[in-house]
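Good morning, and thank you for joining. I would ask you to look at the model on the screen while I speak about the ligand and its surroundings.

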Amino acid sequence: MSKTVTKIGVLTSGGDSPGMNAAIRAAVRTALYYGLEVFGIYRGYNGMIEDEIVQMDSRSVANIIQRGGTILKTARSKEFYNEEGRKKAYANLVKRGIDGLVVIGGNGSFTGAYKLSQEFGLPCVALPGTIDKDLYGTDFTIGFDTAVNTAVQCIDKIRDTADAHDRLFIVEVMGRHAGYIALHSGIATGAENILIPEEETTIEEVIASLSEKEKRKKLVNLVVVAEGHSSGGANGVAEILKANLPNLDTRVTILGHIQRGGSPTCLDRLIASRMGYHAVESLLEGRHNVMVGILNNAMHYTPIEIAIREKQRLGDDWMKMVKILAS
Ligand code: F6P
């Protein structure tokens, strides 16, 4: 295998996601296996600018595969949007001879990697680390499975109390502009309605379906809303539903950042390990400026600029199935 890089930097950037530590561990240990030097860059691109860069060894990543969050910390860096900030950051890499980069994060983090590759010719590999699962070119993103399982556990508990009181609950889940957490957790908890940005169910449709259920004396209902839905999230939906269905006893729960924490599931640890390992292999094989994804259980490499530009599309029948199963 021809060595095209000798010293690599690893960073996590943007919102943390469970499994990032497993990806760091895999990248560090694979790099060490091939005789590379590895540096952890703290607090995402901010740490690159501020020179918070520390050499790592095998022990630096011991006992972290099961931990949520990221040992490297993370941030959304405003300064990195400016060329000046990026020059400063790159100079800190050059100072140490870092000639390859593994970036774990979402769309914004990929844009940073793309800029570094374009402006300075730095070989970069990106790993999809986000609970939102909103990235093109991969069936999985690191953290989604854990987040959606956390949401399912919470919604199951909410259903218990909803059932005890004959109540309607509107539950808001994260996902930024994407509805995957809402869709998956809503289906898995048998939600009566799921509101996602990709396929807008109108609030009138929700009112019609709930009032039909009310007539059938079905009073326990769950509506799962993606935070990015145009209704303005759970509070917006509740306001309209309360006005139109005053007989229903309605409550709101916003799950929030609980979805980002916790020990990663087996699936997240596994895909993070595979992606971290293949990130380093990619750098060594000269497959640069790609996002390492998994499609149909095989590794898949998407040029970073395409991963940034394209959107993951929802398959056709999801919402039809939701309606049938909740009838
Ligand atoms: O991208 C991950 C995510 O958790 C989104 O689902 C959410 O909209 C956003 O980050 C929240 O960001 P912050 O933690 O900066 O409030």
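By class, the shell around the ligand comprises five charged residues, two polar residues and two nonpolar residues. Please bear in mind throughout that this is a predicted model.

Which residues make up this shell? Around the ligand we find Arg 76, Ile 131, Asp 132, Met 174, Gly 175, Arg 176, Glu 227, His 257 and Arg 260.

Let me turn to individual contacts. Arg 76 places a polar side-chain atom 3.0 Å from an oxygen atom of the ligand. Glu 227 also contributes through its side chain, with a polar atom lying 2.5 Å from a ligand oxygen atom. In the case of Gly 175, a backbone N or O atom lies 3.0 Å from an oxygen atom of the ligand.

Where does the ligand sit? The space that the ligand takes is the largest pocket.

The chain is divided into two domains: domain 1 spans 7-143 + 264-309, and domain 2 spans 144-260. Taken over C-alpha atoms, the centres of domain 1 and domain 2 are separated by 34 Å. The domains also touch one another, with 16 residues of domain 1 in contact with 14 residues of domain 2.

Why do we say that the ligand lies between the two domains? Domain 1 and domain 2 both give residues to the shell around the ligand, and therefore the ligand lies between them.

Thank you for your attention.

Note on methods:
Residues are numbered from 1 along each chain as its sequence is written. This is a predicted model: local features need pLDDT of at least 70, side-chain atom pairs count only at pLDDT 80 or more; totals for chains, interfaces and linings use all residues. Side-chain values use heavy atoms; hydrogens and water are left out. A residue is near a molecule or strand if one of its heavy atoms lies within 4 Å of it. A polar contact is a pair of N or O atoms within 3.5 Å; within protein, one must be able to donate a hydrogen and the other to accept it, and residues adjacent in sequence count only if both atoms are side-chain atoms. On a 1 Å grid over the protein atoms alone, a cavity is a set of points where a 1.4 Å probe fits but cannot get out, and a pocket is an open set with protein on both sides within 12 Å along at least five of seven lines; lining residues have an atom within 4 Å of a point. A molecule sits in a cavity or pocket if more than half of its atoms lie within 2 Å of its grid points. Ala, Val, Leu, Ile, Met, Phe, Trp, Tyr, Cys and Pro count as nonpolar, Asp, Glu, Lys and Arg as charged, and the others, Gly among them, as polar. Domain bounds come from an automatic or database domain assignment. Contact means heavy atoms within 4.5 Å.
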